Amino acid sequence: MDLALQPAPAAAAPTADETRRTVWSALLLLAAVLFAGGMIRTVFSPLQEAAKLDLRLSDFGVSLVQGLATGAPVALVSIPLAWIIDHGHRVRLLIALFVICVIGATWTAFATGLPTLFMARMLTALGASCAIPVIISLAADLCAPDKRGRAMVVLGLGTYAGTAAAFVLGGWLLGALDSHPIALLAGLAPWRGAHLVLALAGAVLLLPLVLLREPQRHEVEQQLTALGPIARAVWAKRAFLIPIFTGQIGVSMADTAAGIWATPVLIRDYHLQPAAFSGWLGGLLLVSGLLGAVLGGVGADLGHKTGRRGGLLFAAVVATALGIPTALFPIMPSLGGFQVMFFFLVFAGTVTSVVASTAVTVLIPNEERGAAMAAFSVISAIVGGSLAPTIVTLGASLMGGEQHLAPALAATGVVTGVISFAGYLLAMRNAPKSATEWR
């Protein structure tokens, strides 16, 4: 494909080597944006117990900040976002979203209570989460269909490395700023200072983003510009999309709940402090994320090359089956058991996420990908992002209170894992062999 960060002159088409070099430079930049967005969005998780004490919040209040605040804005803007992804200037949209993410993280550092923290987290999640489908759409036009699994690996590496960095840097900054306050942070509490430092660091990526050029769109089935026809075209594919969305939403619920409540479980049930576990927890997230992204991308490509109906999704089915028992990580009798089970839970979730993203870019026509991803984002934001953290706290309340957080988290993970497994099995059965099969 003749795609580049800077468009080549018409009279001088790039060679194969030049094309490969230019494409990968763009993909690496997009991965870096995902890294920064994931880090800024996630850093509140290892710091939430400190914020809870500082702002005098309950677990339910934290669940609203980590759930409804991060899911509601994504659901509200997903439909117009889809239209822009499919028909507008995606690079400009990505820049705007990243600016919003940085503003939200900066505001978090100065939150004075639940309302302001809620609003700040809304902006952070809006920018970071909505950037993901934009980046997937851009990446799809920066590589050939049979290379998209590997492209999703690169993007997955950025996402999961950012999440891991949030835990490592968040825990380290919490301890470092507590022991050695920085005058420039104006006496901010350590958890606030950590947010401000990472927000400013992430903002550095705005400069190379401004230099990124919009790639040419490929594999356009037909030119649909009105939302009505696009929605009908996506709805016509519901036999495939509903099951795959169900499968990925189940994974999203389990992973979201685990990522949010792992830190409180380690502090309350295993009697550890963030400085003691942030390093190895971040390491587990990084290694499991990297391994899952690589195997998910390779598995998707190999499955697609078999030519069998649903072959692309085989790796996701296997991964969801693996993920069901690993959801028991918070009730393991030893810290070692917690670590092993948590590792494989994140690994399985990463595999399924990469496979699902690859399936949408390969099996859905170009002009409908944004709408399909937006539909998934709405449902995932409402069910996975908004409700999953609160479901855990409500489950703990039914069991007797906040001290039952660990078994409530385990039960939520097992139930959502079973739902995910069923969804991917049905999606595998109903999948087309290629995007052209819909014609």
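The following dialogue explains how to read several features of this predicted model.

Me: How are the residues numbered, and what kind of model is this?
Reply: Numbering starts from 1 along each chain as its sequence is written, and side-chain values use heavy atoms, with hydrogens and water left out. The model is predicted: local features need pLDDT of at least 70, side-chain atom pairs count only at pLDDT 80 or more, and totals for chains, interfaces and linings use all residues.

Me: How many helices and strands does the chain have?
Reply: Helices (H or I, at least four residues) and strands (E, at least two) are DSSP runs, numbered from the N terminus. The chain has 15 helices and zero strands.

Me: Is G303 buried or exposed?
Reply: A residue is buried under 20% relative accessible area, exposed over 50%, and partly exposed in between (1.4 Å probe, protein chains only). G303, a residue of helix α11 (residues 274-305), is buried because its relative accessible area is 9%. In the chain of 439 residues, 56% count as buried.

Me: Which residues does G303 touch, not counting residues up to four places away in sequence?
Reply: A contact means heavy atoms within 4.5 Å. On that basis, G303 touches G311 and L312, with residues up to four places away in sequence not counted. Among contacts in the chain between residues at least 6 apart in sequence, 83% join residues at least 24 apart.

Me: How many cavities of 30 Å³ or more does the structure hold?
Reply: On a 1 Å grid over the protein atoms alone, a cavity is a set of points where a 1.4 Å probe fits but cannot get out; its lining residues have an atom within 4 Å of a point. Grid points are joined across faces, edges and corners, and a volume is the space filled by probe spheres set on the points. The structure holds five cavities of 30 Å³ or more.

Me: Which helix supplies the largest share of the lining of the largest cavity?
Reply: Helix α10 does, with ten residues. Other helices that each supply at least two residues include α1 (16-42) and α14 (366-399).

Me: What is the volume of the second largest cavity, and which residues lie nearest its centre?
Reply: Its volume is about 110 Å³. The lining has 15 residues, with V251, A254, G323, L345 and G417 nearest the centre. Helices α10, α12 (314-326), α13 and α15 (405-430) each supply at least two residues of this lining.

Notes: On a 1 Å grid over the protein atoms alone, a cavity is a set of points where a 1.4 Å probe fits but cannot get out, and a pocket is an open set with protein on both sides within 12 Å along at least five of seven lines; lining residues have an atom within 4 Å of a point.
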